[in-house]
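User: I want to learn how to read side-chain pairs and helix packing in a model. Please give the general idea for each feature and then the case here.

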Amino acid sequence: MRGLPWPAKVYLVVVIGAAAALVGHSLVTGALFRSGEYGTLLVLALLFLVCESMPTLLNVEQFAVSVSFSAALAAVVLVGPDGAALVGLTAVLSVRPGLPLVKRLFNGAQFAICGYVSGMAYLFFGGVPKVPMVNDFEALIGPYAAAAALFVPLNIVLTLTMVWLATQVRAEELPVSGMTQFLLSYFGYATFGLLVAGLWATVQSISAVLVLLPLFVARWAFGQYHAQQRSYDATIAALCQAVETKDYYTRGHCTRVSLASTMIAQEIGMGVERLRAIRYAGMLHDVGKLGVPTKVLQKDGPLTEEEFAAIQLHPMRGLEIVRGIDFLDEAFAGIMHHHERHDGRGYPMGLAGDEIPEFARVIAVADAFDSMTSDRSYRGARPVEVAVAELRKGAGTQFDPVMVAAFVKALERAPWQPPRTVSPPPADATETTTKDHDDPTMPIEVVGGP
Ligand SMILES: [Fe+2]
């Protein structure tokens with residue numbers, strides 16, 4: 001709480017105060033106990049608590065989605081607005097180690113408000129809070145839809161407002177598109193809430209288990225998948241960092257090549273799986289540099305034929321290093337052939353045109369572009385327009401013209417953010433290459449070479 005900006009503190013106090021007033025009012029007026037459904041209330045509160053304690057982290061930072069929406073909406077039907085508010089409030093007690101008290105209080109308060117407001121909407125549209133019988137179902141659908149339509153957007157608005165005030169980002173930087181993406185799944189949870197309420201008359205609290213258990217399993221599997229993706233990303237990032245420590249001036253190069261490769265891949269219509277693979281390939285394209293002696297990479301002046309041969313080996317070395325990582329799939333081809341040239345004069349195998357794997361043709365363009373638009377020890381970064389002109393000049397000889405055209409088109413849509421200027425490295429920790437093997441405007445000189 002201490003680190004929060006004051007508007008966020010005010011908002012927090014207002015939300016928590018409103019929730020406390022709602023629940024306090026229910027307790028004082030006895031509205032909570034009028035229905036006498038203590039058992040139902042207890043089961044729903046427990047169910048909500050269990051669901052809230054096992055959220056599945058999404059790739060939208062700061063947010064977690066859990067099945068608790070279904071329990072909260074079932075509470076609207078079974079125990080009314082006061083009961084739904086109390087059920088929502090139990091989020092304060094969720095078992096999520098490390099979750100700060102402020103976040104707990106905010107979660108509980110906003111769920112209580114959402115439960116109460118949607119419960120009032122349920123009443124307003126003619127819904128009657130009780131365990132519904134088969135005959136009641138038709139009359140229940142409309143009010144329930146109104147309650148669900150309020151609960152979910154209200155939850156998103158309350159949460160995004162908090163994020164906006166707490167992080168002080170501009171409104172347009174809020175992850176609204178990410179939240180919109182999950183709005184549909186929230187409404188899916190609403191359907192499960194209706195099922196729980198509908199089955200209550202027949203099997204009571206077992207209805208929750210019957211309906212939500214399969215959902216839990218699916219969410220768990222989804223969570224495992226995300227955890228796996230995160231560990232893959234961490235592995236790749238660690239390898240990248242290892243490569244970049246060899247050269248002060250190429251820091252961030254892997255990430256930018258990965259980004260530019262993904263832009264080209266999207267432009268030529270690659271599917272989701274291949275996009276992921278090319279993102280990895282872009283990150284790891286130069287991992288083979290780990291197998292090239294640093295003194296060769298950093299040598300000032302022309303290279304001997306042996307030294308140039310050592311550089312030319314880096315695509316193969318890269319493949320050897322990552323061969324055991326099976327999730328890289330097609331990325332192997334990108335790593336192995338990213339220095340092939342369209343005219344067949346590249347390395348390591350001298351492939352030409354369509355013989356060169358598509359991933360490698362994409363990375364070759366992205367790699368050269370980032371090299372030209374970044375600072376190097378021997379020259380400053382070139383402007384994007386100059387780099388694009390170089391790519392166009394090399395289309396059909398060094399680069400696949402299709403990939404160059406795709407990249408130019410992608411750049412028109414999303415302008416490139418060149419890396420910030422690299423200040424001269426500190427004298428003690430400096431290791432810099434004097435020539436960059438990726439830079440098409442400064443070819444490596446080889447003593448006794450062609
Ligand atoms: Fe390379």
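Analyst: The scale calls a residue buried under 20% relative accessible area, exposed over 50% and partly exposed in between, using a 1.4 Å probe and protein chains only. This is a predicted model, in which local features need pLDDT of at least 70 and side-chain atom pairs count only at pLDDT 80 or more, while totals for chains, interfaces and linings use all residues. Residues are numbered from 1 along each chain as its sequence is written, and side-chain values use heavy atoms, with hydrogens and water left out.

User: Which side chain meets R274 in a salt bridge?

Analyst: Side chains of opposite charge can pair when their charged atoms come close. A salt bridge here is a side-chain nitrogen of Lys or Arg within 4 Å of a carboxyl oxygen of Asp or Glu. R274 forms one with E358, at 2.8 Å from N to O. Helices are DSSP runs (H or I, at least four residues), as strands are (E, at least two), and both are numbered from the N terminus. E358 counts as partly exposed at 26% relative accessibility. R274 and E358 are also linked with E330 in a network of salt bridges.

User: How many salt bridges does the whole structure hold?

Analyst: A search of the whole structure gives 13. One of them joins the side chains of E267 and R413, at 2.5 Å from N to O. E267 lies in helix 9 (residues 253-267) and R413 in helix 17, so this pair ties together parts that are 146 residues apart in sequence. E267 is partly exposed at 22% relative accessibility, whereas R413 is exposed at 61%. Another salt bridge is formed by D233 and R279, at 3.7 Å from N to O. That pair links helix 8 (residues 206-244), which holds D233, to helix 10 (residues 272-284), which holds R279, across 46 residues. Both ends are partly exposed: D233 has a relative accessible area of 29%, and R279 has 31%.

User: How many aromatic pairs are there?

Analyst: Rings of Phe, Tyr and Trp (its six-membered ring) pair if their centres lie within 6.5 Å; planes under 30 degrees apart count as stacked, over 60 as edge-to-face and the rest as tilted. The structure holds 10 such pairs. Among them, F69 and F151 are edge-to-face, with 5.7 Å centre to centre and 80° between the planes. F69 lies in helix 4 (residues 68-89) and F151 in helix 6 (residues 137-167), so the pair ties together parts that are 82 residues apart in sequence. F69 is buried at 3% relative accessibility, and F151 is buried at 0%.

User: What is the geometry of the pair formed by F369 and W416?

Analyst: Their ring centres are 5.3 Å apart and their planes stand at 80°, so the pair is edge-to-face. F369 belongs to helix 15 (residues 358-372) and W416 to the segment after helix 17 (401-413), 47 residues apart. F369 is buried, with a relative accessible area of 0%, and W416 is buried at 9%. Ring pairs can also form a cluster: F48, F69, F111 and F151 are linked in this way.

User: At what angle do the axes of helix 15 and helix 17 cross?

Analyst: Two packed helices are described by the angle between their axes and the distance between the axes. Axes are lines fitted to C-alpha atoms, for helices over the stretch in contact, and angles run from 0 to 180 degrees between N-to-C directions. The axes of helix 15 and helix 17 come within 10 Å and cross at roughly 55°. The two helices are therefore oblique to each other; angles under 35 degrees count as roughly parallel, over 145 as roughly antiparallel, 65 to 115 as roughly perpendicular and the rest as oblique. Helix 15 passes helix 17 in a right-handed crossing. The contact (heavy atoms within 4.5 Å) is made by E358, R361, V362, V365 and F369 of helix 15 and M403, V404, F407 and L411 of helix 17.

User: Which residues of helix 9 meet helix 15?

Analyst: H253, R256, V257, A260, S261 and I264 of helix 9 meet V362, I363, V365, A366, D367, D370 and S371 of helix 15. The axes of these helices come within 8 Å and cross at roughly 130°, and the pair is therefore oblique. Helix 9 passes helix 15 in a right-handed crossing. A crossing is left-handed if the near helix is turned anticlockwise from the far one by less than a right angle, and right-handed if clockwise.
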